[in-house]
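Let's go through this one by question and answer. Have the sequence and the coordinates open as you read.

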Amino acid sequence: MTIKTIAAALVMGCGLCTAADSLSMQLFRTLAKETEGNMAFSPQGVENVLNTLKKYSAGDTLAELESLPMAATAPAFNINVKQADALFVANNLPLVPGVKDAVSVNFGQSEKAAQTINDWCRAHTNGLIKKLVQANDFSVLTAFVATNAIYMKEKWQFPFNPNDSFPGEFTTADGKTVSANMMSCTAKFPAAKGEDWVAIALPYAASAPTGEPCYFIAISPTKDIRNFATTLTDAKYRAIITRIGYAGGQTRVVMPSFTVDASTLNLNNALKAAGLKKIFSYADFSRLTTSQTDLYLSAVLQKCYVKVEEQGTEAAAATAAIVNFRAMPRTVVLDRPFIWVIGSLSANTTPLFMGIVEQP
């Protein structure tokens, strides 16, 4: 079987669900509608930060998070995937006794706070994710940020010989033809063809002693890629990978090498469409903080990097869930000119003294 062009669609960390489509597939469909051009996201990264929020939530917030169709456990593959989690908390946030490993940050110094989180992302993605958040993502109203990082670099079980690569043509979604470095390899690749798709699975060389075999799964629709992506369900995805799993034999694959250094995605709309609604207005994180100030989930941000070439794949993702105070926290930072008054809180009394501080 010869496949001349595979338009790569990377599907990672898909937790299958029988009652409803998995969160992975729901998010994928929404992002396919919202984005243009190359897109990459990490379902596992999203689920990891949501599980961190779930760990510290209670009441309606916990119930809403538990209602999401997430995988019961993270997938265990036979490749080495490095993952890390961190919790950055405002230095004025009172924590519940027993909360450990939280990093205290002054979010009022937003430039420094962003640099701290971006430095953590860079360190845990082998330098691939250099900037996930910006200073304007934070203020004195930021309560805490839950982050996750994923990094993998693996070789193919059947590497592409660079000598077999050649300058070829790739037809883009709008029908234009562009030049691309086309890689070619013939090996025992599982591949199959359906009514409106062709697909192939490229196995990675096992580097861990146990776990599920891991593949780069490429699905190429015979018609419009966005229509296919925005209607892809768990049922159809399961049918495709089942068909691939039954198909063997020598297969020649020709596909482009590519790099996707995606822009930071805001996943709010995708998560709301998947069922998270109240948490964006009010959130109960009473298992993390004793603060009486209302909290809400402000944003879930993610940035991905994926590089596919002759020897293998390198990929990284960093995800952040930002939780804000709805009202001013119980710390006020007077780091700019202010008026001062010495007197009573009764509106009918005359202050003893009043003044302005422009420079301490």
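Leucine 50 sits in helix 2. This is a predicted model, where local features need pLDDT of at least 70, side-chain atom pairs count only at pLDDT 80 or more, and totals for chains, interfaces and linings use all residues. Residues are numbered from 1 along each chain as its sequence is written, and side-chain values use heavy atoms, with hydrogens and water left out.

Q: Is leucine 50 buried or exposed?
A: The cut-offs are under 20% relative accessible area for buried, over 50% for exposed, and partly exposed in between (1.4 Å probe, protein chains only). Leucine 50 has a relative accessibility of 0%, so leucine 50 counts as buried.

Q: Which residues is leucine 50 in contact with, leaving aside its neighbours within four places in sequence?
A: Contact here means heavy atoms within 4.5 Å. With those neighbours left aside, the partners of leucine 50 are Leu23, Leu65, Leu68, Met70, Leu271 and Leu276.

Q: How many residues does the largest nonpolar core have?
A: A nonpolar core is a set of buried Ala, Val, Leu, Ile, Met, Phe, Trp, Tyr and Cys residues joined through side-chain atoms within 4.5 Å. In the largest one, the residues with the most contacts inside it are Leu50, Leu53, Phe107, Phe138, Phe144, Leu271 and Phe285. The size of that core is 76 residues.

Q: Which strand gives the most to this core?
A: The strands are DSSP runs (E, at least two residues), and the helices are runs of H or I with at least four, numbered from the N terminus. The top contributor to the core covers residues 312-325 and gives seven residues. That is strand 14.

Q: Which residues is leucine 53 in contact with, leaving aside its neighbours within four places in sequence?
A: Leucine 53 is on the list of residues with the most contacts inside the largest core. Setting those sequence neighbours aside, leucine 53 touches Leu65, Phe144, Ala146, Phe285, Leu297, Ala321 and Val323.

**Aspartate 21 and helix 1**

Q: Which side chain makes a polar contact with the side chain of aspartate 21?
A: Aspartate 21 is in the loop between strand 1 (2-3) and helix 1 (23-34), and it is buried, with a relative accessible area of 19%. A polar contact is a pair of N or O atoms within 3.5 Å; within protein, one must be able to donate a hydrogen and the other to accept it, and residues adjacent in sequence count only if both atoms are side-chain atoms. At 2.6 Å, the partner is the side chain of arginine 29.

Q: How many of the twelve residues of helix 1 are buried?
A: Helix 1 is mostly covered. Its buried residues pack against helix 2 (43-56), helix 5 (225-230), helix 6 (234-246), strand 12 (265-266) and helix 7 (268-274).

Q: How far apart are the end C-alpha atoms of helix 1?
A: The expected span of a helix is 1.5 Å times one less than its number of residues. For the twelve residues of helix 1 that comes to 16 Å, which agrees with the distance between its end C-alpha atoms, 16 Å.

**Helix 6**

Q: How wide an arc do the buried residues cover around the axis of helix 6?
A: The buried residues of helix 6 are Asp234, Tyr237, Ile240 and Ile244. They lie on the same side of helix 6, because the arc they cover (taken from the directions from the helix axis to the C-beta atoms) is only 125 degrees.

**Two loops**

Q: What is the phi of aspartate 101?
A: Aspartate 101 is in the loop between strand 2 (81-90) and strand 3 (102-105), and counts as exposed at 73% relative accessibility. Although aspartate 101 is not a glycine, its phi is positive, about 65 degrees.

Q: What is the phi of asparagine 126?
A: Asparagine 126 is in the loop between helix 4 (110-124) and strand 4 (142-155), and is exposed, with a relative accessible area of 53%. Asparagine 126 is not a glycine either, yet its phi is positive, about 55 degrees.
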